[in-house]
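This briefing is intended to be read alongside the sequence and the three-dimensional structure. Please keep both in view while working through the points.

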Amino acid sequence: QHQNLSTSVCSAWGLDPRLPLCVELRLPTSGYSFESVGRCVQRITQEGFEDFALESQLVQILGDFCQLCRDGSWKNWSQEESVELPEIHWGENQLYYESKKKRLILDAMHRKNSGFLVCLANYLQLRVPTMHEFCAICDKAFQQPPMMMRTVCAEELCTYQFSEFGSKITTAESVNHPSEILDLLVCMLTAAADHLRRKDILDPFPLVQLPGQGTILHPQEKNFERLLPIVSELLKMRSTWGKTMGASWATQTSAMSPEAAALLKWTVSSNRSYLAPLEDNQRIEAFRTPFQYLLLSAPPEKEQRFQELKKQFGTSFAFHGSSAENWHSILRNGLKNASYTKLMTAGAAHGPGIYLATDSKISLHYTRSVKRAADQPAPLKRQRTGNRFVDNTGGLAMMAICEVISDQEKLKKPKNGIWVATTEELVCTRFFLVFETVPEENVKISALEKDLHTLAEKVRVF
């Protein structure tokens, strides 16, 4: 079943869709009836694929399943949960996804007469596409809706284990490994932390633990008095080392205080979007910036629904600009309809929805970057890709290129060049642009539709 996952998802999760999953079991000599197995899963591998990264999470998932088989507690669950999931409401994500997990267990048990091994293999197939929906350590559902990347929950034991073992548990660090991605994430974090609206927009607030000290930063307390000095240390190091080392300044964790190094680690691990620099031959020159990235945030189930709508209505591309301080949250919570909420900063003149534009100058206006560009555009090749460094952090402009479902009933076009997507399912981020200085030249997205569709297919977005 993992063969149904997109190439991008498999790459982000550390999974080769072409290879089978090999499960090593240690079974009792008396046999392997449901009541006798216990936690018998020893290893899970993909032979010949060194970057396989799902072993720890899958061992936990199958271990819990084996335990349920042994104690028989699954028999007490209502069979209704195997038929229909409860409707999901805001703030009830945990209930929905825990119910979904029970349904998958019951579905796997439908073949109980075929024996334990068949049920185990069946459950493994059912759970692989759900890896992003549950904590990579304890396998509990998250409070917030899932996104594309796997991560860990806010339980202290899970955050401690992640701080100790990092990328051995999730693929976040390995996926975001180019130094310039880490540098970019730091720029977003510091912009949010330094902003007057920090209590609202720094979401999630860092969850940081140190050996011997326990939790030093936690979302429930939001201790900015402790956070801001650590952020200032990172900014000072960036300013001191960045111009000579490029973005690789962020890898010098041994020269940082333990607090700064731990905050840097959390900044990477908490990112739930797939962000990767485009190579020289992939960038589109018309955008006038070398800082062009692939940006995918939709979880597989949303992407699947998007592709179904795409077949029905078709798609077009549009820009979405937002201030640098907002992108810390967007990469972790997704592009949301913030109209009439405390997160709204630009009003909702044409009603609630996600606002997009077909002209770059319109979206760049909402990045609130005031410094203008020089007459000459920035060269498209500057420093080695993966270690490029943005100099003008105070004037950074950040803008996403989104693919949008052309549903005339739900996609409003109230004014020339402005679109309003009334439901979030109409919009998926595809690319991300960063400008050190805002270009004067306007770019009409319609002139680049063919190039963007070609690029999306080339980098295998779907």
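This is a predicted model: local features need pLDDT of at least 70, side-chain atom pairs count only at pLDDT 80 or more; totals for chains, interfaces and linings use all residues.

Residues are numbered from 1 along each chain as its sequence is written, and side-chain values use heavy atoms, with hydrogens and water left out.

**Nonpolar cores**

- A nonpolar core is a set of buried Ala, Val, Leu, Ile, Met, Phe, Trp, Tyr and Cys residues joined through side-chain atoms within 4.5 Å; buried means under 20% relative accessible area, exposed over 50% and partly exposed in between, with a 1.4 Å probe and protein chains only.
- The largest nonpolar core has 62 residues, of which Leu58, Phe65, Phe287, Ile401, Phe431 and Leu452 touch the most other members.
- Helix 2 (residues 55–71) gives the most to this core, with seven residues; helices (H or I, at least four residues) and strands (E, at least two) are DSSP runs, numbered from the N terminus.
- Isoleucine 401, leaving out residues up to four places away in sequence, touches Phe287, Phe317, Ala318, Phe319, Thr429, Arg430, Phe431, Leu433, Ile445 and Leu452, where contact means heavy atoms within 4.5 Å.
- A second, separate core of 35 residues includes Leu295, Leu356, Met398 and Ala400.
- In soluble globular proteins, nonpolar side chains tend to be buried together.

- Strand 8 (residues 354–357) runs antiparallel to strand 11 and is joined to it by four bridges; two strands pair if DSSP finds at least two bridges between them.
- Strand 10 (residues 411–415) is also antiparallel to strand 11, with three bridges joining them.
- Isoleucine 418 in strand 11 has alanine 357 opposite it, and lysine 415 also stands opposite isoleucine 418.
- Two residues separate strand 10 from strand 11 in a hairpin, and glycine 417 in the turn has a positive phi of about 90°.

**Helix 4**

- Arginine 127 lies in helix 4 (residues 116–127) and counts as buried because its relative accessibility is 0%.
- Beyond its neighbours within four places in sequence, arginine 127 is in contact with Ile61, Lys101, Leu104, Phe134 and Asp139.
- Asparagine 122 lies in helix 4 as well, and its relative accessible area of 15% is why asparagine 122 is buried.
- With neighbours within four places in sequence set aside, asparagine 122 is in contact with Asp107, Ala108 and Arg111.

**Backbone features in loops**

- Most residues other than glycine have a negative phi, and most peptide bonds are trans.
- The peptide bond from aspartate 203 to proline 204 is cis, with omega near 10°; proline 204 is found in the loop between helix 8 (198–201) and strand 3 (208–210).
- Lysine 222 is not a glycine, yet has a positive phi of about 50°; lysine 222 lies in the loop between strand 4 (214–217) and helix 9 (224–245).
- Lysine 222 counts as partly exposed because its relative accessibility is 34%.
- Arginine 288, again not a glycine, has a positive phi of about 60° and lies in the loop between strand 5 (274–277) and strand 6 (291–296).
- Arginine 288 has 28% relative accessibility and therefore counts as partly exposed.
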